[in-house]
Amino acid sequence: MENHKRKLFYRITDQAYDKEFAIITGARQTGKTTLLNQIEDYLKQKGEDVYFLTLEDPAILSRLNQHPENLFDFIIRSNGKKTFILLDEIQYLENPSNFLKLLYDKHYQEIKIIATGSSAFYIDKKFKDSLAGRKHLFELFTMDFDEFLLFRTGNGELNEELDRMRSKEDYLSSKRKELESYFIEYLSYGGYPAVVL
């Protein structure tokens, strides 16, 4: 089941080579760090230079708060090849919008930042600039029912059956009771990844 990916994984990796930075927001425990780890694995499999930094590390946070370009203390730049920098918990920075704006404006040709942050940080008073034209904003919610089914069953067969039921109004499914049971479980316990898994 660990090999399954959230739908947002595919949206982000489809845009991985766009010049704009990617910002992933979401509530606590929705899977942002796991998603970032999966993106890291994906990019490494593609042969990319990737660095994962968590701003929960006070030493990293302190250096980046001093100046955005201190980021280069933690990575090795590639000649002629874009370096991917994955930043977890960017809301801990004193001025995340200035940090991203400066790095984008001066270095977008050599680096691509994919960052996670809490749902509130993007509308927080610390975020003073919209970064218009410099970012793609993604929001990670709890799992929807399709993701829930895939992660709970591990094989996608019920997802295919659900798609058939959705596409054919008069379709009578032999798996209806099983799907209803999972749906009641989903409604009862929700779609937080830790609960589903």
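Contact here means that heavy atoms lie within 4.5 Å of each other. Keep that in mind as you look at these views of a predicted model.

View 1. Is Thr13 buried or exposed? Its relative accessibility is 7%, so Thr13 counts as buried, the limit for buried being under 20%. Which residues does Thr13 touch, once neighbours within four places in sequence are left aside? They are Ile39 and Tyr42. Look also for the backbone oxygen of Tyr10, which the side chain of Thr13 reaches at 3.4 Å.

**View 2. Leu93 in a loop.** Here you can follow the loop that runs between β3 (83–88) and α4 (96–107), where Leu93 is found. Leu93 counts as buried because its relative accessibility is 1%. Now find Leu197 as well: 104 residues separate Leu93 and Leu197 in sequence. In space, the distance between these two residues is 31 Å, taken from C-alpha to C-alpha.

**View 3. A nonpolar patch on the surface.** Which residues make up this patch? Tyr189, Tyr192 and Val195 form it, and together they have about 330 Å² of accessible area. Val195 belongs to helix α8, which covers residues 193–196. Why does Val195 count as partly exposed? Its relative accessibility is 49%, and partly exposed covers the range between buried, under 20%, and exposed, over 50%.

Key
Residues are numbered from 1 along each chain as its sequence is written. This is a predicted model: local features need pLDDT of at least 70, side-chain atom pairs count only at pLDDT 80 or more; totals for chains, interfaces and linings use all residues. Side-chain values use heavy atoms; hydrogens and water are left out. Patches are made of residues with over 30% relative accessible area and no salt bridge: like charges are joined within 9 Å, nonpolar side chains (Val, Leu, Ile, Met, Phe, Trp, Tyr) within 5 Å. Accessible areas come from the Shrake-Rupley method with a 1.4 Å probe; for residues, only the protein chains shown count as cover. A salt bridge is a side-chain nitrogen of Lys or Arg within 4 Å of a carboxyl oxygen of Asp or Glu. Helices (H or I, at least four residues) and strands (E, at least two) are DSSP runs, numbered from the N terminus. Buried means under 20% relative accessible area, exposed over 50%, partly exposed in between (1.4 Å probe, protein chains only). A polar contact is a pair of N or O atoms within 3.5 Å; within protein, one must be able to donate a hydrogen and the other to accept it, and residues adjacent in sequence count only if both atoms are side-chain atoms.
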